[in-house]
Amino acid sequence: FYGTLLYCTMILCIFHTRRGAISYDSSDQTALYIRMLGDVRVRSQVGFEPERRGSHPYLGVDFRTLHSRAESAGSIPARRIRRLFSFQRHLLSSRLLRGAPHLNPLHILDEDYCGQAKCMLEKVGSWNFDIFLFDRLTNGNSLVFLTFNLLNQYGLIELFQLDMVKLRRFLVLVQEDYHNQNPYHNAVHAADVTQAMHCYLREPKLAQSLTSFDILLGLLAAATHDLDHPGVNQPFLIKTNHYLAALYRNTSVLENHHWRSAVGLLRETELFSNLPAEDRLVSPKQLGSLILATDISRQNEYLSRFRTHLDENDLCLGNASHRHFVLQMALKCADICNPCRPWELSKQWSEKVTEEFFHQGDIEKKHKLEISPLCDSEANTIASVQIGFMTYVVEPLFAEWARFSDTRLSQTMLGHLGLNKASWSAMEPEASGSSEEGESEPGRATEEPSSRVLSQGSQES
């Protein structure tokens with residue numbers, strides 16, 4: 001017990017002293033320690049400097065107030081203690097750490113959760129997987145447990161000699177660097193995207209072609225694709241002169257930050273220390289390429305390229321670059337697949353993402369900024385936002401994915417998409433009539449999404 005207490009205390013100290021996710025400029029490899037939800041400091045060669053001056057006055061507002069809910073002063077530390085004690089109890093008692101032989105070294109669910117949660121993991125490949133229920137059963141640790149389970153299920157831990165302690169530390173740090181006060185962009189969303197990615201990796205065309213290294217990068221990219229997301233979109237960061245926008249020159253600002261943050265944690269934990277030298281060298285760039293593909297502002301670029309490959313039937317999955325491109329498309333689908341889930345799951349995600357939009361709109365009103373498209377709660381409804389997003393972003397992408405992978409899963413997703421859109425249309429009579437125009441060929445007719453919907457997609461991704 002005292003060993004457990006000491007270890008948990010050490011972990012809590014790590015979380016208390018860490019300054020948040022890590023981002024860096026690839027041109028000079030300078031590490032920038034970034035905490036999106038608190039005081040921002042840039043670590044340079046001469047020490048810690050204050051955040052850049054000249055920013056919009058909004059930056060003086062604590063990011064933590066964006067999506068905060070009423071909680072007692074001690075609730076967050078208490079919640080972390082509960083999570084870590086539950087998680088670390090098995091870690092410290094495992095025979096692996098004592099160096100003794102063991103029958104099941106990769107079992108990570110302790111006695112409190114090895115019932116229903118373990119049963120759910122046996123069906124982790126189901127498209128009806130309820131990530132909200134799984135998160136409750138794992139006491140808020142869905143991302144850690146699900147990602148670990150998948151890495152084990154694919155045999156990647158043993159194949160790449162991933163150190164168990166480093167891997168668990170990496171996953172816990174990833175989960176903690178998501179801001180769970182965000183209604184949408186939080187660790188549960190990351191777990192949901194990772195589960196969807198697993199479903200796509202099991203599709204026949206991919207399962208027969210992807211290498212183990214492809215699968216490793218695909219799962220880790222899914223788990224980290226929104227790491228340290230502040231709960232506001234790129235246009236908001238640009239118009240408030242946030243220093244991340246300047247750092248990444250107003251281009252894929254959030255996606256670049258998610259990528260650099262993920263690489264920072266990989267380096268901090270030395271998770272890839274046992275990988276072959278060549279894989280270790282290319283992994284940061286390839287991980288970045290996958291995460292950057294989730295930038296919805298480049299949706300037409302990726303969709304046009306995907307459509308051209310399918311029209312010319314020249315995708316060769318024996319080619320490494322083609323496999324990587326398909327992985328990019330799979331992650332793009334996983335990132336915005338909520339409208340393709342069963343209604344009872346899809347509706348919850350729709351409500352959460354719209355709540356986040358409207359929170360941003362309220363902040364913009366408060367600080368007399370131009371209200372971003374679809375973020376004005378007085379001019380938009382959940383139904384209108386979702387109908388536009390489904391019509392101009394989701395339908396074209398999943399229509400092409402179904403052309404590439406014409407399977408039962410693809411047809412199931414398109415079926416749910418149609419039913420969910422009809423359900424939202426029934427709640428929004430005026431949108432119902434207009435949305436029916438030109439729906440006969442959604443993959444072709446909606447090639448140019450409106451800027452309003454792309455802006456919404458940019459935040460949702």
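This is a predicted model: local features need pLDDT of at least 70, side-chain atom pairs count only at pLDDT 80 or more; totals for chains, interfaces and linings use all residues.
**Entry 1: His185**

I began with His185, which counts as buried because its relative accessibility is 0%. UniProt, in an unreviewed entry, includes His185 in a "binding site" annotation, together with Asn186, Ala187, Val188, His189, Asp226, Asp335 and Gln386.

**Entry 2: Asn186**

Next I moved along to Asn186, which is also in the loop between helix 7 and helix 8. Is Asn186 buried or exposed? I noted a relative accessibility of 8% for Asn186, so this residue counts as buried; the cut-off for buried is under 20%. When I set aside residues up to four places away in sequence, I found Asn186 touching Tyr178, His179 and Asn180. I also found a polar atom of the Asn186 side chain 2.8 Å from the backbone oxygen of Asn182.

I went back to the UniProt record, still the unreviewed entry, and found a "binding site" listing of His189, His225, Asp226 and Asp335.

**Entry 3: His189**

I placed His189 in helix 8, which covers residues 187-201. His189 has a relative accessible area of 0%, so I wrote it down as buried. Which residues are in contact with His189, leaving aside its neighbours within four places in sequence? My list reads Tyr184, His225, Asp226, Asp335 and Trp349.

**Entry 4: His225**

I found His225 in the loop between helix 10 (212-224) and helix 11 (234-239). His225 is buried, with a relative accessible area of 0%. I then followed its side chain to see what it reaches. A polar contact of 3.1 Å links the His225 side chain with that of His189. Another polar contact, at 3.0 Å, links the side chains of His225 and Asp226. I also traced the His225 side chain to the backbone oxygen of Ala222, at 2.8 Å.

My next stop was helix 13, where 15 of the 17 residues are buried, so I noted the helix as mostly covered. At 1.5 Å a residue, the 17 residues should span 24 Å, and the end C-alpha atoms are 25 Å apart, which agrees. Just after helix 13, I noticed that Glu270 has a positive phi of about 55°.

Within helix 13 (residues 253-269) I picked out Glu268. With a relative accessible area of 29%, Glu268 is partly exposed. Its side chain makes a polar contact of 3.4 Å with the side chain of Arg169. I also compared Glu268 with Leu173: these residues are 95 apart along the chain, and their C-alpha atoms are separated by 9.9 Å.

**Entry 5: Ala207**

I looked up Ala207 and found this residue in helix 9 (residues 204-207). Ala207 is partly exposed, with a relative accessible area of 48%. Leaving aside neighbours within four places in sequence, Ala207 is in contact with Leu201 and Arg202.

**Entry 6: cysteines**

How many disulfides does the structure hold? I counted 0. I reminded myself that a disulfide is a covalent bond between the sulfur atoms of two cysteines. I noted Cys340 as buried, with a relative accessible area of 0%, whereas Cys316 is partly exposed at 42%.

**Entry 7: the whole chain**

Finally I stepped back. I noted 22 helices and 4 strands in the chain. Of its 461 residues, 55% count as buried. The chain exposes about 19800 Å², with 52% of that supplied by carbon and sulfur atoms. For contacts between residues at least 6 apart in sequence, I recorded that 76% join residues at least 24 apart.

Note on methods:
Residues are numbered from 1 along each chain as its sequence is written. Side-chain values use heavy atoms; hydrogens and water are left out. UniProt positions are given in the numbering used here, feature names are shortened, and annotations may be inferred rather than shown by experiment. Helices (H or I, at least four residues) and strands (E, at least two) are DSSP runs, numbered from the N terminus. Buried means under 20% relative accessible area, exposed over 50%, partly exposed in between (1.4 Å probe, protein chains only). Contact means heavy atoms within 4.5 Å. A polar contact is a pair of N or O atoms within 3.5 Å; within protein, one must be able to donate a hydrogen and the other to accept it, and residues adjacent in sequence count only if both atoms are side-chain atoms. A disulfide is a pair of cysteine sulfur atoms within 2.5 Å. Accessible areas come from the Shrake-Rupley method with a 1.4 Å probe; for residues, only the protein chains shown count as cover. The expected span of a helix is 1.5 Å times one less than its number of residues.
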